[in-house]
Amino acid sequence: MKIALVGRFGEGEILSGPERVGRELYCELKSNYEKVIFIEYFFSSYRNSTIIKKIFGKEILNDNVIRFGIFPLIFFLLKEKFDLLHIVNLQRFILSVIPLKIFLSCKIVTNFHGLTKNEIARENYFYKRYFLDILVEKLLVKKSDLLIFPSALLLNQFQKKYLLLENKYKIIPNGVSKNFSQNEGQFPSIEKSIKLVFFNGFDKIINRGLKALIHLLEKVNYEIELFIIGEQVNINHLAKIKMIFQAPMSHNELISFLKGKHFVIKSANFDSFSIFVVECMALGLIPLVSDNVGIKDFIEPSVNGFVYDSNSKVELAELLNQIAAGKYDLSMISASAKKTSGIFNWEKIAEEYIAAYKSIL
């Protein structure tokens, strides 16, 4: 089976969720299973990107990771004749790949990490050319032989918008790096404050609901330390909530940072899965998520985490008040969260991808 993963591989060690999925899957497939390469583009944010390289460039990175300009990419795909193209994360340069399908006689598999119209900033729709992202999504829904979603929650959104055929999609959850699962530690006792960790993304494109979350947390009758990783914002809040901002980190830096924290928390805003939550669970942090987050399907309330009603204005605060009052055995819940994170082992998940590939070839 000759496979090309197509998307954004990313630079360095600090990656977005979709980039991380592509890179982890590539590494697992390459080391254990198939003949596979990763194809990416000279994205504008890359250090060596130029207009000339975006059109005519080619650069071989580590192993079988190749960065192409548009024309070399087209010639390469026509020449190599892959059995399968796997679009691991949606990027605009893929618009040059989709029309080639009629000449390639290969199957196309696409991962969807979110519904584009729900994630983009509407005020920059034309200025930022977000309409191209929607076009990529529509074309891949139509032209792909298999669509892969990380959760039933995201699948349901796509079914409502695109009326998907039942035999055209699969749900395969995202995985967590081995770096996280290899770390041990005891759940820290709650003393002066509840320590919550919140991921606020790398930019303002996606509203992750931080302001609304803080409004809910103001109803908690206990001191809170809210560690916010990513985008900084100015928010008026009560003195009992202490906000600490932290720039995004590499895996090893994040593992060290998360030591001594109690909960990973999500707002009521939609999130198709949340790799970050699983990473935190692997380190023993207890997930506290709304029913609008895809990872909820793997959380049994009061057993390995907590799920609150995204439409309730008081349930989250009531839950944290009960936690502060000592109602739950947090050490047991933390241990169960760690155990649950083992489901998201990339070796197991890669096996699911291989089975998905074989189902359409």
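The side chain of serine 267 reaches the backbone oxygen of arginine 208 at 2.6 Å. The side chain of serine 267 also reaches the backbone nitrogen of asparagine 269, at 3.1 Å. By polar contact I mean a pair of N or O atoms within 3.5 Å; within protein, one must be able to donate a hydrogen and the other to accept it, and residues adjacent in sequence count only if both atoms are side-chain atoms.

Please note that this is a predicted model, in which local features need pLDDT of at least 70 and side-chain atom pairs count only at pLDDT 80 or more, while totals for chains, interfaces and linings use all residues. Residues are numbered from 1 along each chain as its sequence is written, and side-chain values use heavy atoms, with hydrogens and water left out.

Where does serine 267 sit? Its place is the loop between E12 and helix H11 (275-282). Helices (H or I, at least four residues) and strands (E, at least two) are DSSP runs, numbered from the N terminus. Serine 267 counts as buried, at 3% relative accessibility; buried means under 20% relative accessible area, exposed over 50%, and partly exposed in between, with a 1.4 Å probe and protein chains only. Leaving aside residues up to four places away in sequence, serine 267 touches Phe198, Arg208, Gly209, Leu213, Ser290, Val293 and Tyr308, contact being heavy atoms within 4.5 Å.

Another open sheet has eight strands, ordered E3-E4-E2-E1-E5-E6-E7-E8, and its pairing is mixed. Strand E3 (58-60) and strand E8 (169-171) stand at the edges with a single partner strand each, so one side of each is left without a neighbour in the sheet.

Finally, the salt bridges. How many does the structure hold? There are eleven, a salt bridge being a side-chain nitrogen of Lys or Arg within 4 Å of a carboxyl oxygen of Asp or Glu. Glutamate 11 forms one with arginine 47, their closest N and O atoms being 3.8 Å apart. Glutamate 11 lies in the loop between E1 and H1, and arginine 47 in the loop between E2 and helix H2 (51-56), so the pair ties together parts that are 36 residues apart in sequence. Glutamate 11 is partly exposed, at 24%, whereas arginine 47 is exposed, at 77%. Aspartate 133 forms a salt bridge with arginine 92, with the closest N and O atoms 2.9 Å apart.

Notes. Two strands pair if DSSP finds at least two bridges between them.
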